[in-house]
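Subject: Model handover

Hello,

Please find the structure below, with notes after it. Could you look it over before we talk?

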Amino acid sequence: MSSERQPIVSGNWKMNNNHFEAIQCVQKLAYLLQKEDFDAVEVTVHPPFTDLRSMQTLIDADQLRLKLGAQNCHSEDKGAFTGEVSPVFLGKLGVHYVIVGHSERRELFGETDEFVAAKVAAVLKHGMAPILCVGETLAEREAGVTLDKVKRQVGIALEKRSNEQVKNMVIAYEPIWAIGTGKNASPADAQEVIAAIRAEVASVASAPAANAIRLQYGGSVKAGTIADIMRQPDIDGVLVGGASLDPTEFARIVQYRRHAF
Ligand code: PGA
């Protein structure tokens, strides 16, 4: 973690928590987190689409410092795309961050690198920041092609973006074999891949963009594992799935500095 880049901890709820449960979860989280936590760490929560309006209302009414996120969006502003959600709509709901190209979207719903790149462009165009997910399968890791794959994913997503746009993005390195499995990449392995992602950003965009962009690790992050991850020089935050559903555990993840350094 670098002192110039603000750490960012993001909770990806996936297809969990209806809008009543979402309100309870966020109220509990807001109670557990203090001003000093929000001063130190940017905290984003990514509920299902149907929860966004309720959460926006709660965040506004209680002036919470949590940032609202979404888990996906379409690349077009509007049109004949039954069942899809426009980035314009997300912007109107006070969404700051949109997860783009999560491995579950790529693997289960067939999203290609090109479609993911179009979504990155759309999210930025509407004043939000993408959290672009990249990562390898176990077979790819064992075949030694991890770096080739993540560099290709990053390159295609960033190639048409301006330096200013890239600076505002977040990239999450999520090894697919570590998601929801309880298995972690070791902090050193995560650092190696994330350093390679930063180098790729420098070559596709620029050195200042690579220095500004924030890079997260994701995959079975828990309160007990985050401190060692955040000690790595290129890791600026974490994208948390399962552990973000429990406000007590997620608050402890956000508060990693209190029990770690
Ligand atoms: P996990 O999910 O923390 O449950 O492994 C991470 C993610 O998919 O973003």
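Predicted model: local features only at pLDDT ≥ 70, side-chain atom pairs only at ≥ 80, totals over all residues.

Residues are numbered from 1 along each chain as its sequence is written, and side-chain values use heavy atoms, leaving out hydrogens and water.

Ligand site

There are 13 residues around the ligand, and Lys14, His102, Glu174, Gly180 and Ser220 come nearest (a residue counts if one of its heavy atoms lies within 4 Å). Lys14 places a polar side-chain atom 2.7 Å from an oxygen atom of the ligand, and a polar side-chain atom of His102 also lies 2.7 Å from a ligand oxygen. From Gly241, a backbone N or O atom lies 2.8 Å from an oxygen atom of the ligand. These are polar contacts, meaning pairs of N or O atoms within 3.5 Å; within protein, one atom must be able to donate a hydrogen and the other to accept it, and residues adjacent in sequence count only if both atoms are side-chain atoms. The ligand taken alone exposes 280 Å², of which the protein buries 96% (Shrake-Rupley method, 1.4 Å probe).

Helices (H or I, at least four residues) and strands (E, at least two) are DSSP runs, numbered from the N terminus. Most residues other than glycine have a negative phi. Lys14, however, has a positive phi of about 55 degrees, and phi of Asn17 is near 80 degrees.

Gln71 sits in the loop between β3 (67-70) and α4 (87-92). A polar atom of its side chain lies 2.9 Å from the backbone oxygen of Lys14, and the Gln71 side chain reaches the backbone oxygen of Pro47 at 3.4 Å.

Helix pair

Helix α8 (residues 146-158) and helix α10 (residues 187-204) pack at about 35 degrees with their axes 9 Å apart (axes are lines fitted to C-alpha atoms over the stretch in contact, and angles run from 0 to 180 degrees between N-to-C directions).

Regards
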